[in-house]
Amino acid sequence: MSDFIAALGLVLVIEGLVYGGMPRLARKLAEQVLEMPDSALRTAGISAMVLGVALVWLVRG
């Protein structure tokens, strides 16, 4: 459970870096996401999940 909380903390740090450090980029990325089709967002999300599971598996294994 502590690994999960640490992972959530890292996600918040990365999100904070984008929004706090580069707000214009964050706004531009948000606009681009609104224009993307659902299939592209779904593919990107599933790919990110698979990559994340693979990384955790490699590191923890």
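Before going on, a word on the model. It is predicted, so local features need pLDDT of at least 70 and side-chain atom pairs count only at pLDDT 80 or more, while totals for chains, interfaces and linings use all residues. Residues are numbered from 1 along each chain as its sequence is written, and side-chain values use heavy atoms, with hydrogens and water left out. The chain averages a pLDDT (the predictor's confidence in each residue, from 0 to 100) of 92, and 100% of the residues score at least 70.

Two elements give two or more residues to its lining: helix 1 (2-21) and helix 3 (38-60). Helices are DSSP runs of H or I with at least four residues, numbered from the N terminus. Helix 1 brings the largest share, 8 residues. By class, the lining has 10 nonpolar, no polar and 2 charged residues; Ala, Val, Leu, Ile, Met, Phe, Trp, Tyr, Cys and Pro count as nonpolar, Asp, Glu, Lys and Arg as charged, and the others as polar.

What do the side chains of aspartate 3 and arginine 60 form? They meet in a salt bridge, 3.0 Å from N to O; the rule asks for a side-chain nitrogen of Lys or Arg within 4 Å of a carboxyl oxygen of Asp or Glu. Aspartate 3 sits in helix 1 and arginine 60 in helix 3, so the pair ties together parts that are 57 residues apart in sequence. The count by this rule is 1 salt bridge.

Now the second largest pocket, with about 250 Å³ of space. Val11, Ile14, Glu15, Val18, Tyr19, Ala26, Leu29, Ala30 and Val33 line this second pocket. Helix 1 and helix 2 (23-35) each give two or more of these residues, and helix 1 supplies the largest share, 5. This lining divides into 8 nonpolar, no polar and 1 charged.

Conventions. 1 Å grid on protein atoms, 1.4 Å probe; cavity = no way out; pocket = protein on both sides within 12 Å on 5 of 7 lines; lining within 4 Å. Points joined across faces, edges and corners; volume = space filled by probe spheres on them.
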